[in-house]
Amino acid sequence: MAEDKVIQQLFKTEYRKLIAVLCKSFGIIHIEHAEDIVNDTFLLASEKWTKEGLPVNPAAWLYTVAKNKTKDHLKHDKIFNDKIVADLKQHGDFVENFEIDLSIGNIKDSQLAMIFAICNPIIPPESQIGLALRILCGFGIDEIADAFLTNKETINKRLFRAKEKLRTAKIKIELPLQFEINERLENVLTTLYLLYNEGYYSTTQNTILRKELCLEAMRLTYFLIENETTNKANVNALMALMCFHASRFDARTNELGEPVLYDNQDKNLWDEDLILKGNTFLIKSAAGEEVSKYHIEASIAFWHSTKLEHTNKWEHILQLYNQLLLIDYSPISALNRTYALSKTAGKAIAIAEAIKLNLHENHFYHSLLGYLYTDFDVKLAIYHYELALSLAKSKNDKNIIENRLKALR
Amino acid sequence: MTEFMMIFRSEYQPDFKPTPEQMEASIKQWQDWMGSIAAQGKFVGTNRLSSVGSKVLKPNNVVSDGPFAEVKEIVGGYIVVKSNSMEEAMELAAGCPILQVGGNVEVRNVIPMNM
(Lines give C-alpha, C1' and ligand atoms only; values in the text may rest on other atoms or scores of the structure.)
Protein backbone atom coordinates (compact mmCIF):
# COMPACT_ATOMS: atom_id res chain seq x y z
CA MET A 1 0.00 0.00 0.00
CA ALA A 2 2.89 2.31 0.72
CA GLU A 3 3.82 1.96 -2.96
CA ASP A 4 0.38 3.22 -4.03
CA LYS A 5 0.77 6.31 -1.88
CA VAL A 6 4.21 7.04 -3.31
CA ILE A 7 2.96 6.58 -6.87
CA GLN A 8 0.01 8.89 -6.26
CA GLN A 9 2.34 11.46 -4.79
CA LEU A 10 4.82 11.14 -7.65
CA PHE A 11 2.01 11.34 -10.15
CA LYS A 12 1.09 14.73 -8.71
CA THR A 13 4.64 16.07 -8.86
CA GLU A 14 6.36 14.23 -11.74
CA TYR A 15 3.62 13.64 -14.30
CA ARG A 16 3.50 17.30 -15.30
CA LYS A 17 7.28 17.55 -15.52
CA LEU A 18 7.65 14.51 -17.80
CA ILE A 19 4.75 15.60 -20.00
CA ALA A 20 6.16 19.10 -20.35
CA VAL A 21 9.63 17.90 -21.29
CA LEU A 22 8.33 15.32 -23.77
CA CYS A 23 5.88 17.75 -25.36
CA LYS A 24 8.58 20.34 -25.73
CA SER A 25 10.85 17.75 -27.38
CA PHE A 26 8.21 16.34 -29.75
CA GLY A 27 6.09 19.43 -30.35
CA ILE A 28 2.43 19.88 -29.46
CA ILE A 29 1.35 17.78 -32.48
CA HIS A 30 2.47 14.68 -30.64
CA ILE A 31 1.03 15.56 -27.25
CA GLU A 32 -0.91 12.28 -27.18
CA HIS A 33 2.28 10.27 -27.67
CA ALA A 34 3.83 12.17 -24.80
CA GLU A 35 0.84 11.32 -22.64
CA ASP A 36 1.05 7.65 -23.71
CA ILE A 37 4.70 7.40 -22.76
CA VAL A 38 4.17 9.00 -19.36
CA ASN A 39 1.07 6.91 -18.66
CA ASP A 40 2.96 3.74 -19.64
CA THR A 41 5.80 4.75 -17.34
CA PHE A 42 3.48 5.12 -14.37
CA LEU A 43 1.69 1.88 -15.23
CA LEU A 44 4.98 0.01 -15.25
CA ALA A 45 5.98 1.65 -11.97
CA SER A 46 2.75 0.53 -10.39
CA GLU A 47 3.21 -3.08 -11.57
CA LYS A 48 6.87 -3.35 -10.66
CA TRP A 49 6.84 -1.53 -7.36
CA THR A 50 3.94 -3.45 -5.89
CA LYS A 51 5.75 -6.69 -6.73
CA GLU A 52 9.35 -5.76 -6.04
CA GLY A 53 9.06 -2.87 -3.65
CA LEU A 54 10.12 0.73 -4.12
CA PRO A 55 13.36 1.54 -5.95
CA VAL A 56 15.98 3.57 -4.08
CA ASN A 57 15.13 6.75 -5.93
CA PRO A 58 11.58 6.47 -7.32
CA ALA A 59 11.64 9.75 -9.25
CA ALA A 60 14.94 8.90 -10.93
CA TRP A 61 13.50 5.48 -11.78
CA LEU A 62 10.57 7.15 -13.51
CA TYR A 63 12.88 9.42 -15.47
CA THR A 64 15.05 6.54 -16.67
CA VAL A 65 12.03 4.47 -17.69
CA ALA A 66 10.46 7.44 -19.49
CA LYS A 67 13.73 8.01 -21.37
CA ASN A 68 13.98 4.35 -22.39
CA LYS A 69 10.36 4.18 -23.41
CA THR A 70 10.85 7.22 -25.59
CA LYS A 71 13.80 5.52 -27.29
CA ASP A 72 11.78 2.33 -27.73
CA HIS A 73 8.96 4.27 -29.30
CA LEU A 74 11.34 6.05 -31.61
CA LYS A 75 12.88 2.76 -32.74
CA HIS A 76 9.92 0.44 -32.89
CA ASP A 77 6.65 2.26 -33.20
CA LYS A 78 5.91 2.65 -36.89
CA ILE A 79 3.49 5.58 -36.72
CA PHE A 80 5.49 7.29 -34.04
CA ASN A 81 8.64 6.71 -36.00
CA ASP A 82 7.30 8.03 -39.29
CA LYS A 83 5.79 11.13 -37.82
CA ILE A 84 7.97 12.22 -34.97
CA VAL A 85 11.27 11.16 -36.41
CA ALA A 86 10.43 13.04 -39.57
CA ASP A 87 9.64 16.12 -37.51
CA LEU A 88 12.76 15.76 -35.43
CA LYS A 89 14.92 15.30 -38.50
CA GLN A 90 13.51 18.50 -39.90
CA HIS A 91 14.90 20.20 -36.86
CA GLY A 92 18.29 18.60 -37.39
CA ASP A 93 18.05 16.14 -34.50
CA PHE A 94 18.88 12.51 -35.10
CA VAL A 95 17.23 9.59 -33.46
CA GLU A 96 20.49 7.76 -32.81
CA ASN A 97 21.65 10.34 -30.32
CA PHE A 98 18.26 11.69 -29.38
CA GLU A 99 18.18 12.08 -25.63
CA ILE A 100 15.36 13.48 -23.50
CA ASP A 101 16.81 16.24 -21.36
CA LEU A 102 15.46 15.76 -17.85
CA SER A 103 17.75 18.24 -16.15
CA ILE A 104 16.22 20.58 -13.59
CA GLY A 105 16.76 23.55 -15.89
CA ASN A 106 15.04 21.99 -18.86
CA ILE A 107 12.16 20.71 -16.74
CA LYS A 108 11.56 24.26 -15.51
CA ASP A 109 11.79 25.81 -18.97
CA SER A 110 9.54 23.13 -20.43
CA GLN A 111 6.90 23.66 -17.77
CA LEU A 112 6.98 27.40 -18.27
CA ALA A 113 6.69 26.96 -22.04
CA MET A 114 3.83 24.53 -21.48
CA ILE A 115 1.95 27.07 -19.36
CA PHE A 116 2.15 29.56 -22.22
CA ALA A 117 1.03 26.93 -24.75
CA ILE A 118 -2.04 25.88 -22.79
CA CYS A 119 -3.22 29.24 -21.47
CA ASN A 120 -4.10 30.31 -24.95
CA PRO A 121 -7.28 32.13 -25.97
CA ILE A 122 -7.70 30.01 -29.10
CA ILE A 123 -9.26 27.37 -26.86
CA PRO A 124 -12.32 28.19 -24.71
CA PRO A 125 -11.70 29.14 -21.05
CA GLU A 126 -13.12 25.96 -19.52
CA SER A 127 -11.00 23.83 -21.84
CA GLN A 128 -7.95 25.85 -20.84
CA ILE A 129 -8.71 25.15 -17.20
CA GLY A 130 -9.36 21.47 -17.91
CA LEU A 131 -6.17 21.10 -19.88
CA ALA A 132 -4.21 23.04 -17.28
CA LEU A 133 -5.50 20.70 -14.57
CA ARG A 134 -4.59 17.64 -16.61
CA ILE A 135 -1.28 18.64 -18.16
CA LEU A 136 0.09 21.28 -15.79
CA CYS A 137 -1.26 19.87 -12.53
CA GLY A 138 -1.50 16.12 -13.16
CA PHE A 139 -5.16 15.86 -12.14
CA GLY A 140 -7.13 12.73 -12.95
CA ILE A 141 -9.99 12.93 -15.45
CA ASP A 142 -12.44 11.97 -12.68
CA GLU A 143 -11.18 14.80 -10.46
CA ILE A 144 -11.59 17.31 -13.28
CA ALA A 145 -15.09 15.99 -13.97
CA ASP A 146 -15.86 16.41 -10.28
CA ALA A 147 -14.65 19.99 -10.26
CA PHE A 148 -16.85 20.89 -13.23
CA LEU A 149 -19.82 18.88 -11.91
CA THR A 150 -19.90 16.77 -15.04
CA ASN A 151 -18.88 13.29 -16.18
CA LYS A 152 -15.65 11.82 -17.48
CA GLU A 153 -16.81 11.50 -21.09
CA THR A 154 -17.59 15.21 -21.28
CA ILE A 155 -14.16 16.08 -19.91
CA ASN A 156 -12.41 13.61 -22.21
CA LYS A 157 -14.18 15.09 -25.21
CA ARG A 158 -13.44 18.62 -24.09
CA LEU A 159 -9.74 17.90 -23.60
CA PHE A 160 -9.53 16.04 -26.90
CA ARG A 161 -11.02 18.97 -28.80
CA ALA A 162 -8.74 21.40 -27.01
CA LYS A 163 -5.65 19.39 -27.91
CA GLU A 164 -6.90 19.13 -31.48
CA LYS A 165 -7.15 22.94 -31.59
CA LEU A 166 -3.63 23.40 -30.28
CA ARG A 167 -2.40 20.89 -32.84
CA THR A 168 -4.12 22.42 -35.84
CA ALA A 169 -3.04 25.90 -34.79
CA LYS A 170 0.51 24.49 -34.55
CA ILE A 171 1.03 26.17 -31.21
CA LYS A 172 4.71 26.12 -30.41
CA ILE A 173 5.92 25.04 -27.00
CA GLU A 174 8.51 27.66 -26.34
CA LEU A 175 9.07 30.69 -24.19
CA PRO A 176 7.54 33.85 -25.60
CA LEU A 177 9.94 36.43 -26.93
CA GLN A 178 10.77 39.36 -24.70
CA PHE A 179 8.55 41.83 -26.58
CA GLU A 180 5.48 39.62 -26.44
CA ILE A 181 5.82 38.47 -22.81
CA ASN A 182 3.39 41.01 -21.36
CA GLU A 183 0.61 40.30 -23.80
CA ARG A 184 0.94 36.52 -23.53
CA LEU A 185 1.31 36.72 -19.78
CA GLU A 186 -2.05 38.49 -19.69
CA ASN A 187 -3.69 35.35 -21.13
CA VAL A 188 -1.87 33.12 -18.67
CA LEU A 189 -3.01 35.23 -15.73
CA THR A 190 -6.59 35.15 -16.95
CA THR A 191 -6.53 31.34 -16.99
CA LEU A 192 -4.87 31.08 -13.58
CA TYR A 193 -7.40 33.55 -12.18
CA LEU A 194 -10.25 31.46 -13.61
CA LEU A 195 -8.69 28.26 -12.28
CA TYR A 196 -8.48 29.82 -8.83
CA ASN A 197 -12.06 31.07 -8.99
CA GLU A 198 -13.22 27.66 -10.15
CA GLY A 199 -11.95 26.36 -6.82
CA TYR A 200 -12.95 29.33 -4.70
CA TYR A 201 -16.48 29.89 -5.97
CA SER A 202 -17.18 26.43 -7.38
CA THR A 203 -20.55 24.87 -6.71
CA THR A 204 -19.11 21.45 -6.00
CA GLN A 205 -19.49 20.42 -2.35
CA ASN A 206 -16.12 18.72 -2.33
CA THR A 207 -14.17 21.22 -0.21
CA ILE A 208 -10.89 19.30 -0.36
CA LEU A 209 -10.96 19.32 -4.16
CA ARG A 210 -11.86 23.01 -4.22
CA LYS A 211 -8.95 23.86 -1.99
CA GLU A 212 -6.66 21.81 -4.23
CA LEU A 213 -7.72 23.78 -7.31
CA CYS A 214 -6.88 27.02 -5.53
CA LEU A 215 -3.53 25.70 -4.33
CA GLU A 216 -2.65 24.55 -7.86
CA ALA A 217 -3.49 28.00 -9.24
CA MET A 218 -1.29 29.50 -6.54
CA ARG A 219 1.51 27.04 -7.28
CA LEU A 220 1.47 27.95 -10.97
CA THR A 221 1.35 31.68 -10.21
CA TYR A 222 4.27 31.28 -7.83
CA PHE A 223 6.09 29.36 -10.55
CA LEU A 224 5.80 32.50 -12.72
CA ILE A 225 7.13 34.64 -9.88
CA GLU A 226 10.13 32.34 -9.45
CA ASN A 227 11.04 32.83 -13.09
CA GLU A 228 12.80 36.09 -13.75
CA THR A 229 11.20 36.63 -17.17
CA THR A 230 7.67 36.30 -15.81
CA ASN A 231 8.11 37.89 -12.39
CA LYS A 232 6.04 40.95 -13.29
CA ALA A 233 4.04 43.37 -11.17
CA ASN A 234 0.64 42.00 -12.22
CA VAL A 235 1.73 38.42 -11.45
CA ASN A 236 2.60 39.51 -7.92
CA ALA A 237 -0.73 41.32 -7.67
CA LEU A 238 -2.59 38.15 -8.66
CA MET A 239 -0.56 36.15 -6.13
CA ALA A 240 -1.44 38.67 -3.40
CA LEU A 241 -5.12 38.40 -4.30
CA MET A 242 -4.97 34.61 -4.11
CA CYS A 243 -3.17 34.66 -0.74
CA PHE A 244 -5.71 37.03 0.83
CA HIS A 245 -8.66 34.96 -0.36
CA ALA A 246 -7.02 31.70 0.61
CA SER A 247 -6.44 33.02 4.13
CA ARG A 248 -10.17 32.65 4.77
CA PHE A 249 -10.40 29.07 3.52
CA ASP A 250 -10.94 27.47 6.89
CA ALA A 251 -13.26 30.22 8.08
CA ARG A 252 -15.64 30.19 5.12
CA THR A 253 -17.12 26.74 5.64
CA ASN A 254 -18.37 25.14 8.84
CA GLU A 255 -17.95 21.53 9.99
CA LEU A 256 -20.88 20.51 7.80
CA GLY A 257 -19.26 21.98 4.73
CA GLU A 258 -21.83 24.78 4.58
CA PRO A 259 -20.66 28.28 3.64
CA VAL A 260 -20.10 30.83 6.39
CA LEU A 261 -20.59 34.37 5.10
CA TYR A 262 -17.86 36.94 5.62
CA ASP A 263 -19.66 38.84 8.40
CA ASN A 264 -20.19 35.67 10.43
CA GLN A 265 -16.70 34.25 10.07
CA ASP A 266 -14.54 33.52 13.09
CA LYS A 267 -11.61 35.82 12.37
CA ASN A 268 -9.36 33.64 14.51
CA LEU A 269 -9.60 31.04 11.78
CA TRP A 270 -8.12 33.40 9.19
CA ASP A 271 -4.65 32.27 8.20
CA GLU A 272 -2.28 34.99 9.44
CA ASP A 273 0.62 33.54 7.54
CA LEU A 274 -1.17 33.81 4.20
CA ILE A 275 -2.31 37.35 4.99
CA LEU A 276 1.33 38.30 5.63
CA LYS A 277 2.38 36.64 2.38
CA GLY A 278 -0.41 38.54 0.62
CA ASN A 279 0.95 41.79 2.04
CA THR A 280 4.44 40.96 0.79
CA PHE A 281 3.27 40.19 -2.75
CA LEU A 282 1.06 43.29 -2.75
CA ILE A 283 4.07 45.45 -1.88
CA LYS A 284 6.10 43.79 -4.64
CA SER A 285 3.26 44.39 -7.10
CA ALA A 286 3.54 48.13 -6.49
CA ALA A 287 6.84 48.24 -8.39
CA GLY A 288 6.24 49.94 -11.71
CA GLU A 289 3.49 52.15 -13.03
CA GLU A 290 0.95 49.59 -14.04
CA VAL A 291 -2.34 49.22 -12.18
CA SER A 292 -4.01 46.05 -13.41
CA LYS A 293 -7.36 44.72 -12.30
CA TYR A 294 -5.42 42.26 -10.16
CA HIS A 295 -3.83 45.19 -8.32
CA ILE A 296 -7.22 46.66 -7.53
CA GLU A 297 -8.79 43.35 -6.58
CA ALA A 298 -5.81 42.51 -4.38
CA SER A 299 -6.16 45.89 -2.66
CA ILE A 300 -9.85 45.20 -2.02
CA ALA A 301 -8.94 41.77 -0.65
CA PHE A 302 -6.32 43.44 1.53
CA TRP A 303 -8.98 45.58 3.20
CA HIS A 304 -11.17 42.53 3.69
CA SER A 305 -8.26 40.79 5.38
CA THR A 306 -7.69 43.47 8.01
CA LYS A 307 -9.15 42.51 11.33
CA LEU A 308 -9.20 46.03 12.71
CA GLU A 309 -12.31 47.98 11.89
CA HIS A 310 -10.54 50.91 10.30
CA THR A 311 -12.89 53.87 10.08
CA ASN A 312 -12.25 54.46 6.40
CA LYS A 313 -12.19 50.80 5.41
CA TRP A 314 -15.43 50.84 3.42
CA GLU A 315 -14.62 54.18 1.82
CA HIS A 316 -11.37 52.68 0.53
CA ILE A 317 -13.22 49.61 -0.71
CA LEU A 318 -15.85 51.77 -2.44
CA GLN A 319 -13.23 53.83 -4.26
CA LEU A 320 -11.37 50.68 -5.31
CA TYR A 321 -14.57 49.25 -6.78
CA ASN A 322 -15.19 52.57 -8.57
CA GLN A 323 -11.72 52.26 -10.05
CA LEU A 324 -12.10 48.56 -10.89
CA LEU A 325 -15.39 49.14 -12.72
CA LEU A 326 -13.79 51.79 -14.91
CA ILE A 327 -11.27 49.28 -16.27
CA ASP A 328 -13.19 46.02 -15.99
CA TYR A 329 -16.98 45.91 -15.61
CA SER A 330 -18.55 42.79 -14.18
CA PRO A 331 -21.98 42.35 -12.58
CA ILE A 332 -20.44 41.03 -9.36
CA SER A 333 -18.18 44.11 -9.03
CA ALA A 334 -21.18 46.37 -9.68
CA LEU A 335 -23.08 44.60 -6.88
CA ASN A 336 -20.10 44.70 -4.51
CA ARG A 337 -19.65 48.40 -5.22
CA THR A 338 -23.27 49.01 -4.26
CA TYR A 339 -22.85 47.01 -1.04
CA ALA A 340 -19.78 49.11 -0.17
CA LEU A 341 -21.81 52.25 -0.91
CA SER A 342 -24.47 51.11 1.56
CA LYS A 343 -21.73 50.96 4.20
CA THR A 344 -20.49 54.50 3.49
CA ALA A 345 -23.58 56.40 2.35
CA GLY A 346 -26.38 54.36 3.91
CA LYS A 347 -28.88 51.89 2.56
CA ALA A 348 -31.33 54.45 1.13
CA ILE A 349 -28.76 55.85 -1.28
CA ALA A 350 -27.54 52.35 -2.07
CA ILE A 351 -31.10 51.27 -3.01
CA ALA A 352 -31.37 54.12 -5.53
CA GLU A 353 -28.04 53.02 -7.04
CA ALA A 354 -28.93 49.32 -6.95
CA ILE A 355 -32.10 49.87 -8.96
CA LYS A 356 -30.05 51.38 -11.79
CA LEU A 357 -27.94 48.24 -12.12
CA ASN A 358 -30.53 46.40 -14.15
CA LEU A 359 -29.42 42.88 -13.29
CA HIS A 360 -32.86 41.31 -12.95
CA GLU A 361 -31.73 37.82 -13.93
CA ASN A 362 -28.98 37.76 -11.30
CA HIS A 363 -29.88 36.21 -7.94
CA PHE A 364 -27.18 38.18 -6.14
CA TYR A 365 -28.89 41.36 -7.39
CA HIS A 366 -32.13 40.39 -5.71
CA SER A 367 -30.35 39.22 -2.57
CA LEU A 368 -28.64 42.61 -2.37
CA LEU A 369 -31.97 44.44 -2.76
CA GLY A 370 -33.49 42.09 -0.18
CA TYR A 371 -30.69 43.03 2.22
CA LEU A 372 -30.99 46.76 1.49
CA TYR A 373 -34.78 46.86 1.87
CA THR A 374 -34.77 44.90 5.14
CA ASP A 375 -34.78 48.01 7.35
CA PHE A 376 -37.25 49.98 5.22
CA ASP A 377 -39.84 47.67 3.76
CA VAL A 378 -39.96 44.06 4.87
CA LYS A 379 -42.51 43.15 2.19
CA LEU A 380 -40.23 44.37 -0.56
CA ALA A 381 -37.28 42.64 1.09
CA ILE A 382 -39.16 39.33 1.11
CA TYR A 383 -40.25 39.90 -2.50
CA HIS A 384 -36.64 40.26 -3.62
CA TYR A 385 -35.34 37.35 -1.55
CA GLU A 386 -38.05 35.16 -3.07
CA LEU A 387 -36.99 36.22 -6.55
CA ALA A 388 -33.40 35.46 -5.59
CA LEU A 389 -34.43 32.02 -4.37
CA SER A 390 -36.16 31.22 -7.65
CA LEU A 391 -33.07 32.30 -9.62
CA ALA A 392 -30.37 30.67 -7.46
CA LYS A 393 -29.07 27.35 -8.70
CA SER A 394 -26.70 25.90 -6.13
CA LYS A 395 -27.82 24.32 -2.88
CA ASN A 396 -25.51 26.56 -0.87
CA ASP A 397 -26.91 29.74 -2.41
CA LYS A 398 -30.47 28.58 -1.85
CA ASN A 399 -29.72 27.77 1.79
CA ILE A 400 -28.34 31.22 2.46
CA ILE A 401 -31.37 32.91 0.91
CA GLU A 402 -33.80 30.63 2.75
CA ASN A 403 -32.16 31.54 6.06
CA ARG A 404 -32.57 35.22 5.27
CA LEU A 405 -36.23 34.68 4.45
CA LYS A 406 -36.78 32.74 7.67
CA ALA A 407 -35.37 35.63 9.68
CA LEU A 408 -37.77 38.07 8.01
CA ARG A 409 -40.99 36.10 8.32
CA MET B 1 -26.73 51.40 -27.19
CA THR B 2 -24.99 54.39 -28.69
CA GLU B 3 -22.20 56.52 -27.35
CA PHE B 4 -22.59 59.97 -25.90
CA MET B 5 -19.89 62.41 -24.94
CA MET B 6 -20.36 64.61 -21.93
CA ILE B 7 -18.22 67.72 -21.91
CA PHE B 8 -17.69 69.49 -18.61
CA ARG B 9 -17.45 73.26 -18.58
CA SER B 10 -16.98 75.63 -15.71
CA GLU B 11 -15.96 79.16 -15.03
CA TYR B 12 -12.21 79.80 -15.17
CA GLN B 13 -11.04 80.59 -11.65
CA PRO B 14 -7.25 80.84 -11.65
CA ASP B 15 -7.19 82.20 -8.11
CA PHE B 16 -9.22 79.38 -6.58
CA LYS B 17 -6.88 77.23 -4.50
CA PRO B 18 -8.79 74.38 -2.90
CA THR B 19 -7.68 73.03 0.49
CA PRO B 20 -6.52 69.38 0.60
CA GLU B 21 -9.88 68.51 2.22
CA GLN B 22 -11.80 70.23 -0.58
CA MET B 23 -9.65 68.43 -3.14
CA GLU B 24 -10.29 65.08 -1.52
CA ALA B 25 -14.03 65.68 -1.31
CA SER B 26 -14.12 66.73 -4.96
CA ILE B 27 -12.15 63.67 -6.10
CA LYS B 28 -14.53 61.43 -4.17
CA GLN B 29 -17.57 63.06 -5.84
CA TRP B 30 -16.13 62.48 -9.29
CA GLN B 31 -15.08 58.91 -8.52
CA ASP B 32 -18.48 58.06 -7.07
CA TRP B 33 -20.26 59.55 -10.07
CA MET B 34 -18.13 57.72 -12.61
CA GLY B 35 -18.25 54.54 -10.52
CA SER B 36 -22.03 54.74 -10.62
CA ILE B 37 -22.03 54.99 -14.42
CA ALA B 38 -19.49 52.17 -14.68
CA ALA B 39 -21.54 49.99 -12.31
CA GLN B 40 -24.39 50.26 -14.81
CA GLY B 41 -22.04 48.98 -17.49
CA LYS B 42 -22.30 52.29 -19.36
CA PHE B 43 -18.80 53.72 -19.00
CA VAL B 44 -16.63 53.95 -22.11
CA GLY B 45 -13.76 56.31 -21.31
CA THR B 46 -12.76 59.58 -19.76
CA ASN B 47 -10.02 62.19 -19.64
CA ARG B 48 -9.32 65.32 -17.72
CA LEU B 49 -7.80 68.30 -19.46
CA SER B 50 -4.97 70.22 -17.87
CA SER B 51 -5.44 73.94 -17.45
CA VAL B 52 -1.68 74.49 -17.24
CA GLY B 53 0.39 75.37 -20.28
CA SER B 54 -2.32 75.04 -22.91
CA LYS B 55 -2.05 76.85 -26.23
CA VAL B 56 -4.47 78.04 -28.88
CA LEU B 57 -3.41 78.05 -32.51
CA LYS B 58 -5.13 80.48 -34.87
CA PRO B 59 -4.82 81.07 -38.60
CA ASN B 60 -1.54 82.51 -39.87
CA ASN B 61 0.39 80.74 -37.12
CA VAL B 62 -0.87 82.98 -34.39
CA VAL B 63 -0.32 81.23 -31.07
CA SER B 64 -1.74 82.36 -27.77
CA ASP B 65 -1.65 80.98 -24.25
CA GLY B 66 -4.72 79.01 -23.26
CA PRO B 67 -8.22 80.01 -24.19
CA PHE B 68 -8.64 81.44 -20.74
CA ALA B 69 -8.25 85.13 -21.36
CA GLU B 70 -10.87 85.13 -24.07
CA VAL B 71 -13.59 82.79 -22.87
CA LYS B 72 -15.65 82.76 -19.72
CA GLU B 73 -15.97 79.02 -19.41
CA ILE B 74 -13.31 76.40 -19.96
CA VAL B 75 -13.56 72.70 -20.82
CA GLY B 76 -12.25 70.70 -17.88
CA GLY B 77 -12.64 67.22 -19.29
CA TYR B 78 -15.01 64.76 -20.83
CA ILE B 79 -16.47 61.31 -20.38
CA VAL B 80 -17.85 58.98 -23.04
CA VAL B 81 -20.76 56.79 -21.99
CA LYS B 82 -23.04 54.38 -23.80
CA SER B 83 -26.76 54.59 -23.36
CA ASN B 84 -30.03 53.74 -25.07
CA SER B 85 -31.21 57.30 -25.59
CA MET B 86 -30.44 60.96 -25.04
CA GLU B 87 -32.93 60.94 -22.15
CA GLU B 88 -31.02 58.16 -20.46
CA ALA B 89 -27.71 59.94 -21.07
CA MET B 90 -29.19 63.09 -19.50
CA GLU B 91 -30.16 61.04 -16.44
CA LEU B 92 -26.55 59.89 -16.13
CA ALA B 93 -25.38 63.50 -16.49
CA ALA B 94 -27.70 64.63 -13.71
CA GLY B 95 -25.28 63.48 -11.00
CA CYS B 96 -22.24 65.17 -12.49
CA PRO B 97 -20.24 67.02 -9.79
CA ILE B 98 -19.51 69.93 -12.15
CA LEU B 99 -23.14 71.03 -11.60
CA GLN B 100 -22.42 71.58 -7.92
CA VAL B 101 -19.75 74.20 -8.64
CA GLY B 102 -21.88 76.18 -11.07
CA GLY B 103 -20.56 74.43 -14.19
CA ASN B 104 -22.49 72.62 -16.87
CA VAL B 105 -22.45 69.38 -18.84
CA GLU B 106 -22.95 69.35 -22.57
CA VAL B 107 -24.25 65.98 -23.78
CA ARG B 108 -23.60 65.11 -27.44
CA ASN B 109 -24.36 62.05 -29.47
CA VAL B 110 -21.16 60.50 -30.83
CA ILE B 111 -21.26 59.70 -34.54
CA PRO B 112 -18.91 56.85 -35.38
CA MET B 113 -16.62 57.52 -38.33
CA ASN B 114 -16.26 54.73 -40.84
CA MET B 115 -12.64 55.02 -41.75
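Of the 115 residues of chain B, 19% count as buried, a residue being buried if 20 or more other C-beta atoms, placed from the backbone, lie within 10 Å of its own. The structure is a predicted model, in which local features need pLDDT of at least 70, side-chain atom pairs count only at pLDDT 80 or more, and totals for chains, interfaces and linings use all residues. Residues are numbered from 1 along each chain as its sequence is written, while chains are lettered from A and ligands numbered from 1 in the order in which they are written.

**Overall form of chain B**
- Chain B contains two helices and six strands; helices (H or I, at least four residues) and strands (E, at least two) are DSSP runs, numbered from the N terminus.
- Read from the N terminus, the order of elements in chain B is β-α-β-β-β-β-α-β.
- The C-alpha trace of chain B spans about 45 × 40 × 20 Å along its principal axes.

**The sheet of chain B**
- Four strands of chain B form an open sheet in the order E2-E5-E1-E6, with antiparallel pairing; two strands pair if DSSP finds at least two bridges between them.
- Strand E2 (43-48) and strand E6 (104-109) of chain B each have a single partner strand and stand at the edges, so one side of each is left without a neighbour in the sheet.
- From one strand to the next, the twist averages 20 degrees.
- E2(B) and strand E5 (residues 73-83) of chain B run antiparallel and are joined by five bridges.
- Opposite Arg48(B) stands Gly77(B), in E5(B).
- H1(B) lies across E2 and E5 of chain B and runs at about 160 degrees to E2(B); axes are lines fitted to C-alpha atoms, for helices over the stretch in contact, and angles run from 0 to 180 degrees between N-to-C directions.

**Where chain B meets chain A**
- Ten residues of chain B are in contact with 13 residues of chain A, contact meaning that the C-beta atoms of two residues, placed from the backbone, lie within 7 Å.
- Helix H1 (residues 20-39) of chain B gives the most to the side that touches chain A, namely seven residues.
- That side of chain B has four nonpolar, five polar and one charged residue; Ala, Val, Leu, Ile, Met, Phe, Trp, Tyr, Cys and Pro count as nonpolar, Asp, Glu, Lys and Arg as charged, and the others, Gly among them, as polar.

**A helix pair in chain A**
- Helix H16 (residues 347-355) and helix H17 (residues 363-373) of chain A have axes that come within 9 Å and cross at roughly 150 degrees.
- H16(A) and H17(A) are therefore roughly antiparallel to each other, a term for angles over 145 degrees.

Conventions. A residue is buried if 20 or more other C-beta atoms lie within 10 Å of its own, exposed if 12 or fewer, and partly exposed in between; C-beta atoms are placed from the backbone. Angles under 35 degrees count as roughly parallel, over 145 as roughly antiparallel, 65 to 115 as roughly perpendicular and the rest as oblique.
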